[in-house]
Amino acid sequence: MSDVISFVIQASPPPRLDKALGRDVPVDASLSRSRLAKLIAEGAVTVDGLVITDPRHRVAEGAQVAVSVEVAHESHIVGEDIPLEVVFEDDDLIVVNKPSGMVVHPAPGTPSGTLVNALIHHCGDSLSGVGGMKRPGVVHRIDKETTGLLVAAKTDRAHHHLAAQFAAHTVERRYLAVCYGVPDANDPRLRGIKGTSFEPGNILKVQTFLGRHKTDRQRQAVSFTSGRHAVTRSRIVAPLGLPACAALIECWLETGRTHQIRVHLAHCGHSLVGDPVYGGRRKLSPKAVGDAGVSAVAGFGRQALHAATLGFEHPVTGEFMQFEAGLPKDMQALLAALGYQG
């Protein structure tokens, strides 16, 4: 079963059919340029009654176009009634504050109970289809135990537009984290670590390649010869302890690689509290943080990392939107035990 979308090519069209369709197709059709290109190749586009399969076909002003689009079919992923903290939602996208312990997308080890399962149930018929399937378009992920903000597309057009912003690194993403030690420019040790430098304002910059660990395929590893380019910046929000032996820091990404913040901070000797993969267990001095602080750090069961800020351009309106999510209760309790007064 298909829907037919009919429209007229407007004045001064681009020279190629695929670009002309991308410009003039009705917004409510929610068809991205990549989807339109696929429909052209499949013979689903007619121009003045003739099927055109060449995306480079020159189209004239006033041409009558018809695009046959199969009705989006149901996803093989089953929706589940899992509570969600929805920060924002409209016809095109949804922003949620993900809790700790929730995987974003189903995988062989976690076929259910994921954010995607929850979104399919929550969004229901408002999912118009991404790539011809009724499913949310996930354009970025955060780790299972990391909390915080995540955006998903509800339409094909929104998915394409958001994915392009993430690929171009124009999305604002800021994280709050609790790390061991204080990553300060006055620490000569940090200046001697390859890939690390400081920018004005005591901003730590870590720039390396990241790739799969040679022996542990579940981990990422820093490299200077191969892998994917990765840049992380961070600043100290507050030192923790007297004398300071940990810190609340803000991190932001120039790139978005798997485990990037966790790997980069571990590389420079400031791994995240609670990180079971890259952090190890360090003992803080009771003299610095008290017995309550020592106990809180020892008992913190996940990496202390929260996606606190998310900003992007709305894929339809063009408006820049920015969202904030306060620290989860477990990180608030950890900071309180370490003497943070903020």
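**Figure 1. Arg-262 and Asp-275 meet through their side chains.** In this predicted model, a polar contact of 2.8 Å joins the side chains of Arg-262 and Asp-275. A polar contact here is a pair of N or O atoms within 3.5 Å; within protein, one must be able to donate a hydrogen and the other to accept it, and residues adjacent in sequence count only if both atoms are side-chain atoms. Arg-262 sits in helix α6, which covers residues 260-267. Helices (H or I, at least four residues) and strands (E, at least two) are DSSP runs, numbered from the N terminus. Is Arg-262 buried or exposed? Arg-262 is buried, with a relative accessible area of 4%. The word buried means under 20% relative accessible area, exposed means over 50%, and partly exposed lies in between (1.4 Å probe, protein chains only). Leaving aside residues up to four places away in sequence, Arg-262 touches several others, including Asp-143, Leu-272, Tyr-278 and Gln-303. Touching, or contact, means heavy atoms within 4.5 Å.

A note for reading all the views: residues are numbered from 1 along each chain as its sequence is written. Because this is a predicted model, local features need pLDDT of at least 70 and side-chain atom pairs count only at pLDDT 80 or more, while totals for chains, interfaces and linings use all residues; side-chain values use heavy atoms, with hydrogens and water left out.

Figure 2. Strand β11 spans residues 172-180, and Leu-176 lies in it. For the protein as a whole, 64% of the contacts between residues at least 6 apart in sequence join residues at least 24 apart.

**Figure 3. Helix α3 is largely enclosed.** Helix α3 runs over residues 115-123, and because 7 of its 9 residues are buried, the rest of the structure largely encloses it. Look for Leu-115, Val-116, Asn-117, Ala-118, Leu-119, Ile-120 and Cys-123, the buried residues of α3. What do these buried residues pack against? Their partners are the strands β6 (86-89), β7 (93-98), β9 (137-138) and β10 (147-153).

Figure 4. The buried ones in α1 are Leu-17, Asp-18, Ala-20, Leu-21, Gly-22 and Asp-24. Here is a handy rule for viewing any such helix: an α-helix has 3.6 residues a turn, so residues three or four places apart point the same way.

Figure 5. How many disulfides does the structure hold? The structure holds 0, a disulfide being a pair of cysteine sulfur atoms within 2.5 Å. For Cys-245, the closest cysteine sulfur is in Cys-179, and at 10 Å it is too far for a bond. For Cys-268, the closest cysteine sulfur is also in Cys-179, 8.0 Å away and again too far for a bond. Cys-245 is buried, with a relative accessible area of 18%; Cys-268 counts as buried too, at 0% relative accessibility.

Figure 6. The peptide bond from Leu-242 to Pro-243 is cis, with omega near 0°. Pro-243 belongs to the loop between β15 (228-240) and β16 (246-253). In the loop between β2 (45-47) and β3 (50-51) you will find Asp-48, whose phi is near 50°, a positive value in a residue other than glycine. Asp-48 counts as exposed, at 52% relative accessibility. Asn-202, in the loop between β12 (196-199) and β13 (203-212), has a positive phi of about 60° although it is not a glycine. With a relative accessible area of 26%, Asn-202 is partly exposed.

**Figure 7. Stepping back to the whole protein.** The protein has 8 helices and 18 strands. Its C-alpha atoms fill a box of roughly 80 × 40 × 40 Å, taken along the principal axes. Of its 342 residues, 48% count as buried.
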